[in-house]
12 protein chains.
Amino acid sequence: MYGKDRIYKKVEIIGVSSKGIEAAIETAVTKARTSLDKLSWFEVKDIRGHIGDDGKIAEYQVLLKVAFQLKE
Amino acid sequence: MYGKDRIYKKVEIIGVSSKGIEAAIETAVTKARTSLDKLSWFEVKDIRGHIGDDGKIAEYQVLLKVAFQLKE
Amino acid sequence: MYGKDRIYKKVEIIGVSSKGIEAAIETAVTKARTSLDKLSWFEVKDIRGHIGDDGKIAEYQVLLKVAFQLKE
Amino acid sequence: MYGKDRIYKKVEIIGVSSKGIEAAIETAVTKARTSLDKLSWFEVKDIRGHIGDDGKIAEYQVLLKVAFQLKE
Amino acid sequence: MYGKDRIYKKVEIIGVSSKGIEAAIETAVTKARTSLDKLSWFEVKDIRGHIGDDGKIAEYQVLLKVAFQLKE
Amino acid sequence: MYGKDRIYKKVEIIGVSSKGIEAAIETAVTKARTSLDKLSWFEVKDIRGHIGDDGKIAEYQVLLKVAFQLKE
Amino acid sequence: MYGKDRIYKKVEIIGVSSKGIEAAIETAVTKARTSLDKLSWFEVKDIRGHIGDDGKIAEYQVLLKVAFQLKE
Amino acid sequence: MYGKDRIYKKVEIIGVSSKGIEAAIETAVTKARTSLDKLSWFEVKDIRGHIGDDGKIAEYQVLLKVAFQLKE
Amino acid sequence: MYGKDRIYKKVEIIGVSSKGIEAAIETAVTKARTSLDKLSWFEVKDIRGHIGDDGKIAEYQVLLKVAFQLKE
Amino acid sequence: MYGKDRIYKKVEIIGVSSKGIEAAIETAVTKARTSLDKLSWFEVKDIRGHIGDDGKIAEYQVLLKVAFQLKE
Amino acid sequence: MYGKDRIYKKVEIIGVSSKGIEAAIETAVTKARTSLDKLSWFEVKDIRGHIGDDGKIAEYQVLLKVAFQLKE
Amino acid sequence: MYGKDRIYKKVEIIGVSSKGIEAAIETAVTKARTSLDKLSWFEVKDIRGHIGDDGKIAEYQVLLKVAFQLKE
């Protein structure tokens with residue numbers, strides 16, 4: 001494929017999961033697939049989380065850039 | 001809502017207004033609502049402006065990231 | 001046009017070309033036109049490339065932000 | 001005062017107001033005064049906001065660093 | 001809660017654990033609760049680690065910003 | 001004008017005003033006009049302020065880059 | 001050891017694993033040990049990943065800086 | 001020359017050309033020479049461009065820092 | 001100590017001295033010790049200074065992050 | 001290849017050429033091949049240049065990160 | 001002086017000295033005074049140096065931003 | 001030398017000294033010379049230090065990038 005003219009698009013999505021960082025990334029990639037074309041790669045841009053009233057981590061929020069090739 | 005698997009999308013828009021910084025943000029948020037789903041929050045990423053031939057500020061241009069939850 | 005309320009959107013695309021940096025930018029701008037509204041300007045955010053098995057540069061990959069005005 | 005050995009401390013606070021950016025800064029500075037020593041200056045580090053269910057800006061959130069001189 | 005004047009404070013803490021990244025975040029959040037007010041959210045700012053004499057990862061060190069609302 | 005060879009210069013100035021952020025920007029743009037050529041645009045790079053002995057914001061200090069076309 | 005003149009070198013390596021972020025870091029640290037001197041610490045600089053044709057995460061790619069003391 | 005006390009000044013200029021990135025840099029360096037002292041080096045800080053109504057790149061805009069030695 | 005669960009806190013302080021950069025760092029570390037727990041390390045984040053009416057450097061101002069272990 | 005445990009190394013090299021930016025990148029990639037293993041990709045991190053006594057651009061200097069897979 | 005409308009300008013200069021970092025800063029401040037108005041403060045932006053053929057540090061090069069108030 | 005095709009390599013080293021910042025830089029440059037080719041220049045990227053049990057600065061740690069020309 002290398003060497004051929006083509007373009008990719010990158011969009012920012014935030015995946016949320018109570019289970020951990022990889023689970024939040026998987027949530028984002030799985031759900032994004034339904035509204036975007038076939039994804040090629042992701043880049044983690046930010047990791048945050050919410051702390052509940054009980055002082056425990058209620059969820060992880062991971063900001064990703066995901067990229068996919070645009071059809072001509 | 002915390003703790004539930006979900007994803008958000010963030011997009012970059014520039015709001016322009018001659019009235020000031022908050023007015024430019026409001027322009028962006030109001031107009032973006034017509035083409036995007038319900039917005040949740042915004043982040044100011046850049047503040048610029050154009051200076052007219054009379055040497056006065058003709059308009060403020062505010063680059064925002066706005067986020068909204070993607071439906072499954 | 002200055003002074004009038006309006007909004008722009010910015011999206012990230014990667015243009016790829018074996019010919020050089022300007023060619024990769026032109027690939028991105030030309031192909032993006034088919035799926036996006038009339039583009040106004042671009043900003044180069046990253047320049048990368050793939051090196052082939054022969055040790056030569058197989059392609060240039062240029063990450064752009066392109067901006068276009070949103071119709072009301 | 002210049003030339004004399006002394007130290008300052010900087011802390012991060014977020015001021016929130018529904019009225020605008022300067023109002024959020026003033027909220028932060030006014031309320032911080034009750035728990036911190038006399039403040040000397042502030043630096044704006046981030047400007048965000050929440051968008052309500054009606055699509056309007058519900059509040060501005062401004063992240064500041066505020067500095068104050070430590071007594072010996 | 002949105003729309004009401006209020007302030008938050010953010011502090012930097014480093015959580016350390018031999019078990020992994022999420023465990024180091026949990027260490028930080030759990031222990032910070034004893035000396036700080038009720039925490040609201042955290043942001044991961046840096047991930048590092050120590051490598052032991054046996055060449056294995058001895059511990060993960062995660063730098064967080066944690067935020068909590070200041071009482072008036 | 002687009003497409004014609006030309007150059008712009010950018011300089012950094014700080015505008016100060018007790019009235020607010022937009023007022024500080026206007027101070028900078030108005031006063032800069034007397035010593036620089038016709039200005040074209042500005043970019044906000046930093047927002048700071050001084051806090052007086054009474055604990056109120058004494059002034060806003062806004063660091064701008066302003067740009068103007070150089071005559072040949 | 002503190003207080004003694006000495007130097008460290010830092011190099012950038014990317015560890016790849018299908019199992020997760022910590023596994024990719026361990027891959028990098030374990031394999032780097034065979035070509036570099038005894039490692040002291042690592043810093044995570046970037047987290048990325050590849051998404052397979054089935055829309056699942058095929059692998060995690062973690063960019064590390066690893067440091068080791070140079071012998072005199 | 002190394003080892004001798006001296007100072008340099010750096011200024012920001014934007015060169016514009018329809019021909020490409022190097023042409024925009026050369027425009028900036030050539031024209032800057034007429035109003036500034038002998039230039040020593042340049043650093044590319046930003047690459048942008050305007051897209052015309054026909055969807056083609058109308059011009060490249062390259063932001064440079066150029067440095068020159070100040071005479072005593 | 002490595003491998004044991006623990007947390008550190010980092011705070012920002014500015015040390016000021018008319019004598020030079022190291023002296024400003026020492027001022028900060030020495031005075032901070034009276035109000036903070038035992039310090040472990042520091043990181044220089046910014047170096048600034050004031051220039052007096054006689055055109056000479058009146059003082060160096062060094063922004064540090066200092067870290068110390070939190071007791072459980 | 002995706003999914004298999006492996007590591008890459010990234011090193012920083014500066015390519016210099018009087019002919020232009022792509023030529024400087026090619027100089028770096030071609031010469032680096034003789035002392036490093038088979039290169040996989042490059043990333044442009046900085047573009048600079050020297051200006052000769054005649055006020056023309058004497059050479060382009062391009063800082064690259066180049067990556068190559070480490071053999072086990 | 002606080003609270004009064006006014007503007008400052010910031011320029012970038014590089015001071016060079018074989019004696020050390022503070023000496024390079026003093027060179028820059030002293031020499032800049034002859035061509036610029038009364039300086040108010042400086043900020044260190046970069047510290048570099050040249051290494052001679054004998055492997056020793058031939059000179060320190062310190063990039064400063066210096067600020068001065070513009071007269072109306 | 002300017003205008004001739006050539007490449008440089010940059011590596012990251014940390015110099016440590018109890019005497020101060022310049023001493024730590026000299027330690028790094030002197031010791032690096034024994035394992036690397038003739039060095040050309042250095043860039044300071046980070047300044048840190050360790051604080052001893054007595055609350056005094058035990059050592060300065062300076063992260064440098066050093067550059068040297070690669071022979072063909």
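Contact here means heavy atoms within 4.5 Å. With that rule, chain D brings 18 residues to its contact with chain E, and chain E brings 14 residues.

A word on the ground rules. This is a predicted model, where local features need pLDDT of at least 70, side-chain atom pairs count only at pLDDT 80 or more, and totals for chains, interfaces and linings use all residues. Residues are numbered from 1 along each chain as its sequence is written, chains are lettered from A and ligands numbered from 1 in the order in which they are written, and side-chain values use heavy atoms, with hydrogens and water left out.

Now, area. Buried area is the accessible area (1.4 Å probe) that two parts lose on being put together, summed over both. Chains D and E bury about 1400 Å² between them. Carbon and sulfur atoms account for 54% of it.

Next, charges. A salt bridge is a side-chain nitrogen of Lys or Arg within 4 Å of a carboxyl oxygen of Asp or Glu. Chains D and E have two salt bridges between them. One of them joins D:Glu12 to E:Lys65, with the closest N and O atoms 2.9 Å apart.

Which element gives the most to chain D's side? Strand β1(D) does, with seven residues. Strands (E, at least two residues) and helices (H or I, at least four) are DSSP runs, numbered from the N terminus. The side of chain D that touches chain E has eight nonpolar, seven polar and three charged residues. Ala, Val, Leu, Ile, Met, Phe, Trp, Tyr, Cys and Pro count as nonpolar, Asp, Glu, Lys and Arg as charged, and the others, Gly among them, as polar.

Strands pair if DSSP finds at least two bridges between them. β1(D) pairs with β1(E), residues 6–17, in the antiparallel sense over five bridges. There, D:Gly15 stands opposite E:Ile7.

On to chains A and C. Chain A gives 14 residues to the contact and chain C gives 18 residues. They bury about 1400 Å² between them, 53% of it on carbon and sulfur atoms. The salt bridge count is two. C:Glu12 and A:Lys65 meet in a salt bridge, 2.9 Å from N to O. On the side of chain A that touches chain C, strand β1 of chain A supplies the largest share, five residues. β1(A) and β1(C) run antiparallel, joined by five bridges. A:Tyr8 has C:Ile14 as its bridge partner.
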